[in-house]
Amino acid sequence: CSTASRRPRGGFDPVAKAARLEAIEASMLAPGFWDDQRGARKATREAEGLREELTLWRELSASAKDLGELFELAEGEGDQTLLAEVDVRAAELERSFQSARTSLLFSGDYASADAIVTIQAGAGGTEACDWTAILLRAYMRWAERHKFSSEIVDSTEGEGAGYRSVTLEIRGRNVFGWLRAERGVHRLVRISPFDGQKRRQTTFAMFEVIPEVEDAQEVQLNWDEIRVDTYRASGAGGQHVNKTESAVRLTHTPTNIVVSSQSQRSQMQNRETAERMLRGRLIEQRIREREDELARVRGETVSAGWGNQIRSYVLHPYQMVKDHRTGHQTADTTAVLDGDFDAFILAELERKRSEEHTSELQSHSFISYAVFCLKK
């Protein structure tokens, strides 16, 4: 068999991705494609990502095939020099594959979608609001590192500092796939700058993320079940924004989900943003219900309480950031709070993937799998 004909289960599917790319390229040639600028940009970005993934997969597959042939030649002739070269090239290919394998971790519906992030302060007053602002900056820096765009679409300022709640829109390929791993409670331990006695404080913030859904057909909104409120935007925004009721709040009465947007200049733009947020929240609710049901089947305890933090950021009496789900930790707290979350995110994605999928690709290295296929 060949690596092209036998695809690793539960991972990269080059046939499906090639078909998806072909469909997007066909739509790009259709009249009126650029009439919807937002949708066109999203489709173009997806096509670029698919081309990169397919090109990388072909290169890795070709390298694995060449390596398999070289190994058979070296083994047949008993050439130790060639066998040593095989070892070196295998190690290089393994490193390349592990780097490329990140894309395989973005599985599930909407993984490639843009994301809407909400960070909400827990108990702790000004300290908690400041912690929310610190996390906001950190995730905006994370977005910059990945060349993603980010924009604050709604916020409620805290008394004295920071935010009681802030909503951030992050756009880029696989943003939701990345940030799904960050959902949960984040705990901070430090000497509070707001405490005159310099006592150590523990505070919390909730990180929530939803996919941004462009297609209105994904979730049909029943406007008889939605209350629409308009109000004046707060904070910076200029004379027009602050003196007209341009901000929009939507309340979905069956689920009591509330979303709002106030960053755009017009009420219509804010309403469109709020609608996308509501669709995302409803989709995220469906995803959570499915995950909770799977967790119950596995006998896991499902809880979203404040005491169940996913990660602790300890700045005093020692420096440590530790993820309680994976055990991954680092003493470089400065880098993490400057947006260096990737190691934590990838560790959690690996953990979730190992729970959800058992495949030959996970139990054996890519090189061993490729050579095994070639020998068949």
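I began with Tyr-313 and listed its contacts, a contact meaning heavy atoms within 4.5 Å. Leaving out residues up to four places away in sequence, Tyr-313 touches Trp-131, Leu-135, Tyr-139, His-186, Arg-187, Leu-188, Val-189, Met-320, Val-321, Val-336, Leu-337 and Phe-341. I noted that this is a predicted model, in which local features need pLDDT of at least 70 and side-chain atom pairs count only at pLDDT 80 or more, while totals for chains, interfaces and linings use all residues. Residues are numbered from 1 along each chain as its sequence is written, and side-chain values use heavy atoms, with hydrogens and water left out.

Next I looked up the nonpolar cores, each a set of buried Ala, Val, Leu, Ile, Met, Phe, Trp, Tyr and Cys residues joined through side-chain atoms within 4.5 Å. Here buried means under 20% relative accessible area, exposed over 50%, and partly exposed in between, with a 1.4 Å probe and protein chains only. The largest nonpolar core has 52 residues, and Ile-119, Leu-179 and Tyr-313 have the most contacts inside it. Helix α4 (residues 126-145) supplies the largest share of this core, seven residues. Another core, of ten residues, lies apart from it, and includes Leu-82, Val-86, Leu-93 and Phe-97.

I then turned to the strands; helices (H or I, at least four residues) and strands (E, at least two) are DSSP runs, numbered from the N terminus, and two strands pair if DSSP finds at least two bridges between them. An open sheet of eight strands, with mixed pairing, has the order β2-β3-β1-β5-β4-β9-β10-β11. Why is one side of β2 and of β11 left without a neighbour in the sheet? β2 (149-157) and β11 (329-330) stand at the edges, each with a single partner strand, so one side of each has no neighbour there. Strand β9 (residues 309-314) is joined to strand β10 (residues 320-323) by four bridges, and the two run antiparallel; Tyr-313 stands opposite Val-321 in β10. Helix α4 packs on the sheet and touches β1, β2, β3, β4 (184-191), β5 and β9, its direction making about 10 degrees with that of β3. For such angles, axes are lines fitted to C-alpha atoms, for helices over the stretch in contact, and angles run from 0 to 180 degrees between N-to-C directions.

Within this sheet I checked strand β1 (residues 115-121), which is mostly covered, six of its seven residues being buried. Six bridges join β1 to strand β3 (residues 163-171) in an antiparallel run, with Ala-115 opposite Ile-170. β1 also pairs with strand β5 (residues 200-211), in the antiparallel sense over seven bridges, and Ala-121 has Ala-205 as its bridge partner there.

There is also an open sheet of three strands, in the order β6-β7-β8 with antiparallel pairing, where the twist averages 15 degrees from one strand to the next. Six bridges join β6 to strand β7 (residues 247-252), and Val-228 stands opposite Leu-250 in β7.

Just after α2, Gly-78 takes a positive phi of about 65 degrees.
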